[in-house]
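I opened a notebook for this structure and went through it topic by topic. My entries follow.

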Amino acid sequence: MFAPEVGNEVAERLARAGCVAPEEETGELLASAPDPATLTAWVLRRERGEPLAWIVGGVRFAGRTVHVDPGVYVPRAQTAELALRAGDLLPERGRAADLCTGSGAVAAYLASVRPSAAVVASDIDSRAVGCARRNGVRAVVADMDGGLESGAFDVVCAVTPYVPSGAMHVLPADVTRWEPRAALDGGPDGLGHVRRLAVGAARLLRAGGWLLTEIGGDQGTLVAPLLAASGFDSLTFWHDDEGDLRGVAARFRSATSSAAASR
Ligand SMILES: C[S@@+](CC[C@H](N)C(=O)[O-])C[C@H]1O[C@@H](n2cnc3c(N)ncnc32)[C@H](O)[C@@H]1O
């Protein structure tokens with residue numbers, strides 16, 4: 001509905017504002033804006049660095065559109081790999097928990113590929129839980145080590161905050177200015193939440209169930225012993241096309257071996 005010159009002008013403005021994919025973003029803005037006044041307001045918001053997903057109301061994730069409310073962490077394309085792997089590990093009628101669910105992108109993906117499975121989710125942020133529910137996810141407001149039934153799950157996944165506090169400044173300025181710090185900052189070595197996740201997932205998983213979590217940088221060497229100490233084995237790390245570490249899957253042996261390992 002917008003003339004080509006409007007698109008050209010928007011793309012130029014976004015490029016001047018520092019957007020890395022101005023043409024692509026222009027396409028999304030033009031496709032979603034209901035009228036010229038809204039488009040003008042949206043371009044201004046984007047020029048100020050507000051996440052595109054908050055402006056247009058959603059983002060594509062693992063082949064689906066996910067609603068993303070303002071204030072909620074925007075699911076990243078790289079996280080689709082974790083979702084795909086979790087889907088492969090989840091039995092048809094199995095049970096999965098997505099902790100730190102944010103918009104519920106991973107949980108919604110799991111529910112879509114395993115419609116007969118029971119998928120639940122939690123997040124400490126009530127805005128995130130409201131958003132996840134808008135995405136059709138059964139979500140509760142809870143800290144990552146509370147709110148869900150013990151020993152019941154085949155798969156537990158979580159994209160916890162895992163950026164080391166000292167590396168927060170390396171993130172793009174728009175990310176740190178707009179997205180909630182509590183969704184990003186993982187403490188001194190970035191693994192503060194992952195340590196708690198390992199203990200909590202050992203409580204939630206049945207023996208033989210799988211934990212999947214996102215990590216990066218050199219966290220692989222740190223995460224291996226902490227997962228082993230909570231009773232996990234069969235660690236599989238995955239990397240992106242540039243060879244950077246992106247995540248780990250680990251199998252829970254049993255509560256007994258977990259207790260023995262922690263002695
Ligand atoms: C990096 S975001 C990941 C969101 C989502 N899984 C995704 O990939 O789009 C981390 C999420 O963890 C949540 N969070 C932070 N601390 C938490 C805690 N102690 N317990 C539960 N959730 C927490 C944040 O609110 C945020 O939604």
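Is D69 buried or exposed? I looked up its relative accessible area, which is 18%, so D69 is buried. My cut-offs: buried is under 20% relative accessible area, exposed is over 50%, and partly exposed is in between, with a 1.4 Å probe and protein chains only.

**Ground rules.** I am reading a predicted model, where local features need pLDDT of at least 70, side-chain atom pairs count only at pLDDT 80 or more, and totals for chains, interfaces and linings use all residues. Residues are numbered from 1 along each chain as its sequence is written, and side-chain values use heavy atoms, with hydrogens and water left out.

**Salt bridges.** I stayed with D69 and asked which side chain it meets. The partner is R134, in a salt bridge of 2.4 Å from N to O. I take a salt bridge to be a side-chain nitrogen of Lys or Arg within 4 Å of a carboxyl oxygen of Asp or Glu. R134 sits in helix α7 (residues 126–134), while D69 is in the loop between β2 (64–67) and α5 (80–89), so the pair ties together parts 65 residues apart in sequence. Helices (H or I, at least four residues) and strands (E, at least two) are DSSP runs, numbered from the N terminus. R134 is partly exposed, at 49%.

Next I checked R251. Its salt bridge is with D233, and the closest N and O atoms are 3.2 Å apart. R251 belongs to strand β9 (residues 245–252) and D233 to strand β8 (residues 232–239), so this pair links parts 18 residues apart in sequence. R251 is partly exposed, with a relative accessible area of 32%.

Then I took R45 and E50. Their side chains meet in a salt bridge of 2.6 Å, N to O. R45 is partly exposed at 25%, whereas E50 is buried at 9%. I also found a network of salt bridges linking E9, R13 and E47. Searching the whole structure gave me 18 salt bridges.

**The ligand.** Which residues come nearest to the ligand? Of the 18 residues around it, they are C100, T101, D123, M144 and A183. A residue is near if one of its heavy atoms lies within 4 Å. I sorted the shell by type and got ten nonpolar, four polar and four charged residues.

I then looked for polar contacts (N or O atom pairs within 3.5 Å; within protein, one must be able to donate a hydrogen and the other to accept it, and residues adjacent in sequence count only if both atoms are side-chain atoms). A polar backbone atom of C100 is 2.9 Å from a ligand nitrogen. For M144, a polar backbone atom is 2.9 Å from a nitrogen atom of the ligand. D143 uses a polar side-chain atom, 3.2 Å from a ligand nitrogen. The ligand taken alone exposes 600 Å², and the protein buries 95% of that.

**The core.** The largest nonpolar core has 36 residues, and F61, L110 and L212 touch the most other members. Such a core is a set of buried Ala, Val, Leu, Ile, Met, Phe, Trp, Tyr and Cys residues joined through side-chain atoms within 4.5 Å. Elements that each supply at least two residues include α4 (52–56), β4 (118–123) and β7 (205–214). The largest share, six residues, comes from α6.

**Last entry.** I found D185 in the loop between α8 (173–178) and α9 (192–204). D185 is buried, at 16%. Its side chain makes a polar contact with the side chain of S165, at 2.7 Å.

How values were computed. Accessible areas come from the Shrake-Rupley method with a 1.4 Å probe; for residues, only the protein chains shown count as cover. Ala, Val, Leu, Ile, Met, Phe, Trp, Tyr, Cys and Pro count as nonpolar, Asp, Glu, Lys and Arg as charged, and the others, Gly among them, as polar.
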